[in-house]
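Notebook open, structure loaded. I'll jot down what I look up as I go.

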Amino acid sequence: MYRLYVAFIILIFSGSTVTAGSSLPQELKDLYFGEALYYAFQEDWFDAISRLDTELTQHHGLDEPERDTLYYHINHAEFAVGDFELAYRMHQRAGRAITAVIEGNVEEPVRNEAIYRLARIYFQKDQPVNALYAVERISGDVPPHIVNDLNFLRAQILMANERYAEAADILTDLQDAKNLEGFSTYNLGIALIKDGKELEGREYLDLTGRIRSNDKLTLAIKDKSNLVLGSKLLEEKKYENAKQVLDRVRLNGPFSNRALLGSGWADVYQERFERAIVPWNILAAREVTDASVQEAMLAAPYAYGKLNVYSKAAVMYGSALANFDTELNKLDESIKSIREGHFIKALVREELKQDANWVVKLRKIPQTPETYYLLELMAAHDFQESLKNYLDLEQLRKKLDAWEGDLDAFVEIIEQRRAYYQPLLPAIDREFRQLDSQMRLRLEQRDRIEQRLQKMLVVPRPDYLATSTERINLEQIRLLEHRVSSNGTAANERIEARIKRLYGLLHWNIFTEYDDRYTETYLNLLNLNHEVDLLKTRYQAFVRTRQAATQSYEGYDDVIRRQRFRIREALEKVKILMARQGHMLETMAVNELSKRRERLAEYQIKARFAMAESYDRAARAQNQEQESK
Amino acid sequence: MFNRLRGFILVLSVLVFSFPAYGEQISREQIKGLDEQVQEIKSDVLDIAEELNQLEEKLLYPSNTQVAVFVSLDSGETFRLDSMEIQLDGKPVAHHIYTFKELEALQKGGVQRIYTGNILSGDHDLQVTVMGKSQGGADFQKIERFRVNKNVGPKIVEVSLAAESITFKDR
């Protein structure tokens with residue numbers, strides 16, 4: 001039961017911030033953004049923020065960010081990181097992030113949504129004047145999905161600034177908003193009451209108290225409305241009405257204990273003791289650590305006493321006394337154990353965090369008296385926030401510890417890479433330089449061929465495409481021609497004619513086959529180009545690999561040294577803050593439990609006297625009965 | 001006696017109806033001051049985390065060899081994903097058993113990076129094995145093989161799961 005109450009309080013304080021930032025874009029284009037959302041959906045805020053921060057930093061560092069896939073989600077991502085920071089209770093940083101969006105070059109709806117979020121932060125951090133100033137800056141187009149939420153926030157902020165009439169006007173217009181069902185009516189009721197329109201306000205509280213819904217939050221606000229209205233009626237001695245309203249509170253809701261207690265009192269004030277016993281007996285059987293239950297343990301026998309059932313009253317007082325004794329012992333043990341430092345140790349038990357109901361589980365574990373009353377302590381917002389801070393600090397401590405180990409591993413990896421690559425690289429570089437010069441030579445040759453082929457398209461040069469055999473033959477014919485011309489005999493004429501024929505034959509072949517030869521050469525060049533491309537790819541791959549080899553062990557020393565220093569510094573701070581936060585939690589717990597102890601001790605004394613008196617009266621009644629016989 | 005008891009209980013009921021009080025010896029300023037310091041250290045540690053993420057990526061997964069495999073669920077899928085195994089070139093490189101929270105995060109549209117590693121340029125064989133329960137409660141196991149072509153830049157691969165199929169998206 002109490003768990004529900006605590007859950008309701010948590011939802012009221014944090015619910016809206018969590019869901020807003022974790023929404024999914026219509027089409028996810030950036031998987032790393034999707035990864036950040038994956039962590040956010042698990043409420044692992046640290047990893048969600050750190051992943052998204054890394055993505056955003058990389059995105060903003062790009063020369064052409066519009067080519068990055070995060071570009072399609074950039075506004076969403078900027079808002080999401082702010083929302084994650086809010087959920088991680090980093091209001092200052094979230095505020096700065098959102099202010100950066102507001103001051104950036106963004107469209108009106110985006111700017112207005114950012115201001116809305118900033119106003120919400122101020123409101124949550126109990127800064128209503130700043131929240132009002134922020135929300136008043138919103139003008140022009142507002143994204144449709146936040147219109148109702150914005151107006152509701154505006155009304156809440158006005159209420160916090162005691163401008164109830166304006167808040168009531170806004171809330172009146174929100175009565176049809178389905179996502180605010182119950183909350184808009186309840187707040188309207190409160191605003192009207194605060195504005196002096198008591199009757200009108202109560203009508204809205206009554207309306208809220210009659211809502212039919214299956215939504216858990218709406219049912220919780222319905223219960224709260226009935227409890228508030230019932231308590232008011234009780235104070236005004238309108239007991240019958242108070243009873244009717246309080247009885248509308250669900251028996252299994254977060255406010256049921258207080259409603260049952262009030263319902264009983266409404267009967268008692270009307271001297272209907274037999275009817276008061278019903279809710280109080282239900283209540284008295286519930287979790288004994290709850291203050292209402294403890295009160296019911298005294299109230300129920302009181303009602304029996306009023307009905308002259310003294311023996312039953314005496315027995316119930318006795319039972320209450322036994323319970324109070326047990327609870328007092330538990331409180332003593334809890335306070336002692338907390339003072340000995342066991343409370344903090346129990347809170348950080350890792351195995352408990354696996355269970356969503358860890359707060360409830362913690363109470364049930366034997367030999368942990370320090371956490372018997374944890375659930376009751378969790379009802380206080382400040383305690384909850386301090387506890388969350390402590391658990392977050394513990395998470396940071398573990399991360400920083402692990403990162404120190406990671407840095408050691410990085411250093412070892414770097415040293416191993418250096419030991420492997422450094423002796424190899426000089427020989428590889430030498431060989432590469434030789435291959436590089438050969439490659440450049442061949443590439444120049446290829447370029448010359450290409451240029452020549454291009455020119456031959458304009459001025460055909462069949463001689464360029466003569467085969468090597470044809471060139472040799474041509475040379476031989478020229479030699480023969482030279483020898484024949486130097487002899488000067490008549491027989492040479494015949495030889496000259498034959499030489500001319502040979503010349504003619506060679507030129508015939510060279511000229512007639514020119515087109516085919518040109519095409520073949522061109523195709524060969526294309527094939528060569530393909531080989532050259534492969535060569536260039538392998539060359540570039542080698543260059544990259546060669547660079548990567550050096551980069552795999554050089555240039556990390558400063559980064560690692562700086563990181564190590566920052567980690568150690570942060571670890572020191574975390575440890576100091578953990579000690580302070582832990583001490584604060586212990587003090588809060590001891591204070592609260594001491595108050596409860598004092599109250600229980602008073603209950604105990606009263607119960608003891610009442611029990612004695614009940615026994616006396618029971619005995620007297622028995623005697624009178626015997627005498628009358 | 002009973003009247004005194006009634007008076008006593010009435011005072012208590014007022015106390016119970018009011019909200020719990022805070023510790024007397026701790027002021028609001030103290031709580032706020034400490035909370036602000038906790039926020040500052042969170043911010044510092046997040047900055048360290050961001051730089052470490054970049055260092056880790058540069059040192060362990062340089063872009064020319066980096067491969068990352070992401071897992072997502074098709075929208076509206078309600079089958080129960082129990083576990084998943086990734087094999088790259090015949091070697092198991094990742095195996096994950098899903099918790100309820102992780103499955104819920106996937107169903108809401110989150111994307112899990114199941115594996116980050118290094119491979120050479122060229123074609124590689126990727127085998128995905130999925131185990132789970134269908135909506136009807138029957139156990140199922142699906143195995144699909146895909147070809148991953150690694151070029152110069154980081155290789156990002158998305159494996160999208162549905163009750164009926166495993167889809168490979170080359171990003």
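How many bridges join strand 2 of chain B to strand 3 of chain B? I find six, and the two strands run antiparallel.

**Ground rules.** I'm working with a predicted model, where local features need pLDDT of at least 70, side-chain atom pairs count only at pLDDT 80 or more, and totals for chains, interfaces and linings use all residues. Residues are numbered from 1 along each chain as its sequence is written, while chains are lettered from A and ligands numbered from 1 in the order in which they are written.

**Strands of chain B.** Strands here are DSSP runs of E, at least two residues, and helices are runs of H or I, at least four residues, both numbered from the N terminus. Strands count as paired if DSSP finds at least two bridges between them. Strand 3 covers residues 91-97 of chain B, and its K91(B) is the bridge partner of L88(B). On strand 2 (residues 80-88), I also see eight bridges to strand 5 (residues 122-133) of chain B, again antiparallel. One of the pairs there is S83(B) with M131(B).

**The turn.** Strands 2 and 3 of chain B form a hairpin with two residues between them. D89(B) sits in that loop and has a positive phi of about 50° although it is not a glycine. Most residues other than glycine have a negative phi. I get 13 C-beta neighbours inside 10 Å for D89(B), so it counts as partly exposed. (Cut-offs, with C-beta atoms placed from the backbone: buried is 20 or more other C-beta atoms within 10 Å, exposed is 12 or fewer, partly exposed is in between.)

**Another positive phi.** E162(A) has a phi of about 65° and is not a glycine either. I place E162(A) in the loop between helix 8 (147-160) and helix 9 (164-173) of chain A. It counts as exposed because it has 10 C-beta neighbours inside 10 Å.

**Nonpolar core.** I define this as buried Ala, Val, Leu, Ile, Met, Phe, Trp, Tyr and Cys residues joined through C-beta atoms within 7 Å. The largest one has 163 residues, and L52(A), F84(A), A119(A) and A300(A) touch the most other members. Helix 25 (residues 557-628) of chain A gives the most, with 15 residues. Domain 1 (22-60) and domain 2 (66-170) of chain B both give residues to this core, so it lies between them. Those bounds come from an automatic or database domain assignment. The C-alpha centres of the two chain B domains lie 34 Å apart.

**V81(A).** Buried or exposed? V81(A) counts as buried, because 24 C-beta neighbours fall inside 10 Å. It belongs to helix 4 (residues 74-87) of chain A. Leaving out residues up to four places away in sequence, V81(A) touches I49(A), L52(A), D53(A), L56(A) and A97(A); contact means C-beta atoms, placed from the backbone, within 7 Å.

**Chain contact.** I count 56 residues from chain B and 67 residues from chain A. Helix 2 of chain B gives the most to its side, with 22 residues.

**Confidence.** The predictor gives the complex an ipTM of 0.87 and a pTM of 0.76.

Key
Contact = placed C-beta atoms within 7 Å.
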